[in-house]
Amino acid sequence: MIDYFWYAFLVPLSTAIGFVVLGLGGTFFKKGGGFIAVIAEGAALVFGVFFAYQESLSSTLYHDTSFVWFALPDGTSFVMGTLVSPLGALMLLVVNIVGFLVVLYSMEYMAHEEGLPRYYAEMMLFLTAMNGLVLADNYLEFILMWELVGLCSYLLIGFFWKKPEAASAAKKAFLVTRVGDVLLFVGVFIFFTSLGGIVDPSITTSPYPGQVCSSAGINWACAGFTFAPPNADSNVVFLSANSVASVTARDPNLMTLAGLLILGGAAGKSAQFPLHTWLPDAMEGPTTVSALIHAATMVAAGVFLLAITSIYIGFTPTAALVVLAIGGFTSLFAGTMGLVARDIKRVIAYSTMSQLGYMVMAVGAASLVAIGPGAAMFHLFTHAFFKALLFLSAGSIIHALGTQDLFAMGGLLRKMPVTGYTMLIGALALSGIPPFSGFFSKDGLLSLTWTAAQHYPGALVFFLMALVGVLLTALYIFRLWFLAFSGTEARESSAHPAHEPSWVMRAPLVTLAGLTLVAGFLPLLSGFSHLLPGVQWGAFGYASSGSGFSFSQTDLFLGLVSLGLALTGLLTAYALWGNGRVFRLADESPLKGLHTVLVRKYYFDEAYDGLAHGGVLGIARAFDWFDRYVIDGTVHAFEDLFRIASERGRRIQTGLVSSYVSWVVFGLIVLVFFFLYALPYLTSAWGGG
Amino acid sequence: MSFDIPSIAQYTPEATVFIGVILVFMLDVAGIRSRAIIGGATSIFLLLAFLQVLADLGSWPLQGLSTLPAGLLGTQNGPVIFTNFGLIFQGIFLLSALLVALASVSEADGEEVPTFYALLSLAALGMLFVAISADLIFLLLSVEITGIATYVMVGYTRKDRRAVEAAMKFYIIGALSTAISFFGASLLYGAYGTTSLTAFRALPANSSLALVGFGMVAVGLGFKATLVPFHMWAVDVYDGAPASVSAFLAAGSKKMGLFGIFIVFVAAVRIFASAQGFALYLALGALAVITMTVGNVMALEQTTMKRMLAYSSIAQAGYMLLGIAIDTPAALAGATLQITADVLMKAGAFIVVGAAVGLGVGPLITDWRGVGHSRPGIGASFAIMLLSLAGMPLTLGFVGKFYLFFAAVEAGGYFTLLAIAGLLNSALSVFYYARILRYMYMPESTGSATVGAHPLSHSSLGVGNAPAAPAWGSVRDEIRGTGSARWATVVGIALLLLVLGIYPTPIIGAMNSAAQQFLTLGL
């Protein structure tokens, strides 16, 4: 069989070429070279779908370590390998489908902005980095791409760099995620020293037949763990508890620490509590960028990191429990803030945080019961489409009205029916109403968490939080929808009359709505289910549980409970905001205080500011003093010394041949003297060296 | 001993270059003196020779075209031996000549044009022989072929008084050094009764005569390699000579001297390994450290670009000498990498300086103010070369230094001190390279390290509405000012520095194995 996967590098290469062409020559093209970006990303889409399809047929790992990037003199080498795994293939689909639609949508949405070549070039780099990230085979390569993703998000969030809010939002996103990145580095370093550094003599070959481990580097597939290869028959990858056990066997505390540090990195990128503060502010970027960041690229990278770590290295039970807890808590925590936001994009941003919380929780739960993180990845997959849909619909509204304030909107359904109905589909999917995709994926991960809670009662609290989160999700997203679309007319008249955008923007909306409808049923295809290790097709919803599990009444019951909660949320939203109603808390209401806390985002920004001013600034001052007087002083002293030496030295260079000749003779005499007298002396002094 | 009819197929690169020389002479006789034709022809022949060397090295995709007879590699044949290490250096030498030939196509036409190209090819021919020599006399004679050609090249324009003066200085010091090194060779012959470098390696260290001999040979070769204190001519000559000739001297002829020191001292160190080897390492290490320190310190206060580059070139020679002063395969591979990088950086930098006249930039460092913005292509390329010279990551200059210093640390003990000295020197050198970058890119009014505009405006990709956007019109202007061949050479060198700096694995692999063979085999 021809190994198609050798060509997997074509996926990131397509957009990389787009980046180079647009980055260097973008100004030559009309409209900032948008069509180049569409072609480049279109090519990446074709390749991505092709490789994902191939992977779904074979469902084995393709691992290529032949490309050595850099070899050190002592034989250590850094490999830029390719790993086409089921999870990576799934991500290729997500990244490129959403990426393509977003780039297409940008053609009209961004048409009137300045600096378009920069925009498209950065989008291309963003997609390149993300495609590279999902194909990376070791942590070094992964971090390289991870950093590129971070850089691009900084550049794109700050795209309107003349706007101070955008510039500071970009900085905030970069700095907050950086905290996570540092944690990730340390975590990876622990893995590297405690796992990659140990050459386990019993494991010199990859667990996958026909693949060779390089002794150096830190290849995931060769990190020295045994785990069962993908079992094509049952469509389940059982990460047999072996992987966790083997990690635990090394040094449980160290491995727990490493797992938590990795979680820190993921929390930064995926905006999990307590590193979530950058996400709402990041709404200052163009809506298309928000759609890409929230659906397919940046925040997905964090969940992907957790998923691959859980598969290839494994979390210790303690670490897994913390992962579950952080995710479960964030899902509720973010939802509460989403209830009160006025900005249409911020509501969706909080929903992202909350949904990512579900995914993180599911990875933790999957690790606890030692199965693959398919449930989380499936939610990532369905979420990508309906979240991109929600953002792009919101973009359509913003494009038409020029405002982002929900309370200024209203009655848009009649003027923008396509936008309205597609957004409704997105909202239904987000709330988890069948038959839309969100129901299946959310149900799957809830039932998985329930299973985990059977074994680890501590998880029950966070499971309940997640259930309350389901109610809130429906509540805030339908608050948004009713405020924007219901009623007869806008509450504030805008400068522009509301209108539908052209097909360039409508086509992605309709496509995404269609994908949102079908995505939930995709695991019925046996090929697709290969891409989701750990997910089983149950009779009702997707039951993600351990081995030997099939349909059970618990599962049915859970599905009904979450559906009931979602419908409750929907109906409450209708009662409060439906039909053009606007519900606001009265000033004397006892809930007003809570409302303020939520609007101020639990005062996290203020707290972090205080921390920075009090703690960090003090330390910084001390370092500043040291830097200014000790380091700079030393440097300046040397600078003066060398300057004087240089100045004096110029006098030796007379320009006269005779003086040069005498220097040559001088050198000769010194050499001969050294060889004749000093050398024998030194030799006898050292006894032959 | 049987006498086979010697195969000459292995001399294809040398023959190619030689045919190029004859062709240039014939064109001269025919009255054709256009740079485009003569320079183009020379470049083609040098390129063919270069590709042939790559083929002989077995580089993809030319490996099938090798003309080396089987079994020839590593066996001495009279005064000649073919090794992968020597072949790599043949490639390096040809590359330096090729770059200079290409870039000088853009210079003014004149009656001396054929002379220049003929001399350039002849000098390259001498260097090719140096790279395959296995005998001290053959080595010194080959060095002299190149030497005489370069003496004339420095003064070839004849009308420029400073160039003629430089040529005279070069010649006098060169003659003196050559005389000393031949004297040394005769002492070695007196001591051992042979001049074969391979034979030296197997001989015992029996006389101080040999030590003096090696010392004197080192003077002659150290002159070419601009080791301190035999470096003084270099500053005046690099400054006075036409920039393209300086490029060739710094990129090509200096590397020949270093290669000569490598092969002579590999033998010397082996001779004295048992008894005085370590002290010899000490001497070479001291020479290297003194050379890099003097070069870097003197470069600090220079005001003209060419003299600054001349001193930086002297400093670079110090780093490269570490290759033999550490004498491990990794160090030698690192030195070879550094030499390759330096060929690109120094040839490129001098070519840029030569092109600056056409761009209206004066000889002083301060004349480069704002060039980064007004001449985006040349400015960016020059910036990459300077960053590479300073040893910044993602450039080839970093890879070479990293390898060298890593090898020094790996060798341990006293050699670690060499790595520290090298690192400190690198830090020192950043000072004067960064100064040029500051002139080129910082706003003129402040000239300090504060950036006036919004930070984000500089982090953008330099396209669209960012203030540093390259105006394509000014690129067209600068191509007109420098000439397209020269512009393309400069930009090509910069790209090569970046590409090889990001992905050096192919050349590292070749150099590692070649250095390994070179140290274990005969030569």
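Predicted model: local features only at pLDDT ≥ 70, side-chain atom pairs only at ≥ 80, totals over all residues.
In chain A, helix α1 spans residues 10–25 and helix α2 spans residues 34–58. The axes of these two helices come within 8 Å and cross at roughly 175°. With angles over 145 degrees counting as roughly antiparallel, α1(A) and α2(A) are therefore roughly antiparallel to each other. On the α1(A) side, the contact is made by A:L10, A:V11, A:S14, A:T15, A:I17, A:G18, A:V21 and A:L22. These residues meet A:I36, A:A37, A:A40, A:E41, A:A43, A:A44, A:F47, A:G48 and A:F51 in α2(A). By class, the residues of this contact comprise 12 nonpolar, four polar and one charged.

Residue A:L148 lies in helix α5 of chain A, which covers residues 139–157. A residue is buried if 20 or more other C-beta atoms lie within 10 Å of its own, and exposed if 12 or fewer do; A:L148 has 17 C-beta neighbours inside 10 Å and so counts as partly exposed. When residues up to four places away in sequence are not counted, A:L148 touches A:L125 and A:A129. A:M107 is 41 residues from A:L148 along the chain, and the C-alpha atoms of the two are separated by 24 Å.

Between the chains, 51 residues of chain A are in contact with 51 residues of chain B. On the chain A side, at least two residues each are supplied by β2 (68–71), α4 (116–135), α6 (164–196), α23 (604–649) and α24 (657–686). The most is given by α24(A), with 18 residues. The side of chain A that touches chain B is made up of 31 nonpolar, 13 polar and seven charged residues.

Chain B contains 21 helices and two strands. The C-alpha trace of chain B spans about 75 × 60 × 45 Å along its principal axes. For 523 residues, a compact globule would have a radius of gyration near 24 Å; the value for chain B is 22 Å, which agrees. Of the 523 residues of chain B, 59% count as buried. Among contacts in chain B with a separation of 6 or more, 78% are accounted for by residues 24 or more positions apart.

How values were computed: Residues numbered from 1 in each chain as written. Chains lettered and ligands numbered in written order. Axes fitted to C-alpha atoms, helices over the stretch in contact; angles between N-to-C directions. Helix = DSSP H or I, 4+ residues; strand = E, 2+ residues; numbered from the N terminus. Parallel < 35°, antiparallel > 145°, perpendicular 65-115°, else oblique. Contact = placed C-beta atoms within 7 Å. Nonpolar A, V, L, I, M, F, W, Y, C, P; charged D, E, K, R; others polar. Rg over C-alpha atoms; globule rule 2.2 N^0.38 Å.
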